[in-house]
Amino acid sequence: MTETPNPLALVAELTHRCPLHCVYCSNPLNLAKRESELDTTAWARLLREAAALGALQVDFTGGEPLARPDLLDLVGAAREAGLYASLITSGLPLDEKRLDDLVAAGLDHLQLSFQGATTQSGQAFSGTTTHAQKLSVARWVRQRRIGFTLNFVIHRENLNELPEMIRLAEDLQPQRVEFAHVQYYGWALQNRARLLPTRDQLEESLRTIDEAKERLRGRIRVEYVVADYYGRFPKACMGGWGRKVLLIKPNGDVLPCHAADVLPGMKFENAAESSLRKIWYESDAFQKYRGDEWMREPCRTCDHRAQDFGGCRCQAFLLANDLTDADPVCSLSRHRPLVDEILAAVTAASQPSRSAPADWLYRQNPK
Amino acid sequence: MSSPDPESKPRLTPGCRLNDKSQPSRMLLMPERALRLNGPSLEIVERCDGQHSVREIIADLQKKYSKADPQKVESDILDYLARLHEQRALDFG
C-alpha cells in the first residue's frame, strides 16, 4: 500500500449555529449544542497542528462561521500558522468594519452563498430574507483585495433560475462561481424528494453551465459540483477517504468528511484527546477506508478506483446499508437499482398533475 | 486566448498568493486550489507582481535559462501565463 499522503486542507466546522434554515443543508440533523463548541485556544492549537502536518488551507465553515464572536482571533491564528484562510459563509452577521478587521487579520478568501437569484427564491429555500444583505456583502468584498467566490446550490426548484444566477454572478464579479448540485446528507437527505432535479433539468443545467464557462473564460472561473445520482461513476468524495482533507467538528471530533459520523461502528477520535498527526496517520477511523484493501468487487479490480476511490462511504451506508460496497450511484454497483427507483420517483413527482409537494423540512438551530 | 500585450504587467488576483517561504514546498494558493511551483514556474509567478512586463519576464528567464532555446522559453512562459489567467490566478494590468 502506498504511503499515506499528508492532508492538504483543514475544514474547520466551527459551529452548527446558523441564521439561515436552508432546506439543502448537509449538516447533521443532530446539531452540535453551543456549549460543546471548542474554544478559541483549542482551535488555535489545531490550526497550528494542521499546518505542521502540511495543510495549506483552512476553510472556516459551519453552520455559520460568522456566528463565532472569536472568528477574528481564529483568522489571526490561521495566518500565524501560515494557512490560507477561507470563509465559507451566508454573509451574516457582517458589516464593513467586521469585514475590514477580518481582512486585516489575514482572511484570504470569502465564499458567499446565494440560495436563489432573487429575494423570493432566497426566502423559499433559506427560510430568511437575507438576499439584500448578501448583495451588500458582495459589493464590500469586491472593494477589498481578497478572493471572492459565489456559491449557488442548485436543485429541482431553483434550476429554472440558472440563467438569472449566471447574470447575477456577472454583476457581482467574483473570481470564481460554483454551481453545486445538492449532496444528500443531513437535512438535504430529508428533503431529497423535492430537491432532486429531473434528468431533463440536469442535462439542461449542464448545457447552460458549460456555455457560461466558455463565455466567461478568463473573467470568472466557473466550477460545478455534479449531481452524482445521475452519474455513471461516483464522485471522488473528498478526494478519497483520508487523502487530502481533515475535518474537525464543532466539538473537536476529527472526521474525514462532514457526514462520516452517520457510519455505524466507527469511533472518531477527538482532537482534545489526541494529536492531529496521530489521528490522521494512525487512527482506526482514518485508516479504515484508505487504499484498496477494504474494497470488494467491483471496486477492488476496477480501473476507475484510482479516480473515484469507490465513491462515498456515507452514501453506500445511507442508500444501501453496505459500507464496503461501491457507492450505489455507480453504474457497476449491485445497489444501483435503488438509485434508479429514487430517480423514477422524481420523474413521477415532477409531473404537473401531481398534488402539492410535501412541506420542506427547514433546518433548525441547535437547542 | 490571444497573446497578452508584451508591455502588460501581470499581477496575481486578489486572494491568490504564494505560501510562506519557510514551508517545504513553494505553492501558489487560491480559492480551493493549490499549484506546486518549482524552478521556472516559481520564477514566473514571483515576477507577477504588477511591476514586471511580460516582455521583461521573458527576457529575465531567457537570460537565466541561457542554455534553453529562447523561443521555447518564450512560448512556455506565454502558455503558463495564459493558464494562470484562465484559472483567474492573475490579470494582465
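**Helix pair in chain A**

I started with helix H1 (residues 40-52) and helix H2 (residues 71-80) of chain A: their axes come within 9 Å and cross at roughly 20 degrees. Helices here are DSSP runs of H or I with at least four residues, numbered from the N terminus. The axes are lines fitted to C-alpha atoms over the stretch in contact, with angles from 0 to 180 degrees between N-to-C directions.

I keep in mind that this is a predicted model, where local features need pLDDT of at least 70, side-chain atom pairs count only at pLDDT 80 or more, and totals for chains, interfaces and linings use all residues. Residues are numbered from 1 along each chain as its sequence is written, while chains are lettered from A and ligands numbered from 1 in the order in which they are written.

H1(A) and H2(A) are therefore roughly parallel to each other (angles under 35 degrees count as that).

Next I looked up who touches whom. H1(A) brings A:Thr40, A:Trp43, A:Ala44 and A:Leu47, and H2(A) brings A:Asp73, A:Leu74, A:Ala77 and A:Ala78; contact means C-beta atoms, placed from the backbone, within 7 Å.

**Chain B**

I then turned to chain B and found three helices and five strands (strands are E runs of at least two residues). Along the sequence I read the pattern β-β-β-β-α-α-α-β.

For its extent, I noted that the C-alpha atoms of chain B fill a box of roughly 35 × 25 × 20 Å along the principal axes.

Last, I checked burial: 28% of the 93 residues in chain B are buried, that is, with 20 or more other C-beta atoms, placed from the backbone, within 10 Å of their own.

Key: Angles under 35 degrees count as roughly parallel, over 145 as roughly antiparallel, 65 to 115 as roughly perpendicular and the rest as oblique. Two residues are in contact if their C-beta atoms, placed from the backbone, lie within 7 Å. A residue is buried if 20 or more other C-beta atoms lie within 10 Å of its own, exposed if 12 or fewer, and partly exposed in between; C-beta atoms are placed from the backbone.
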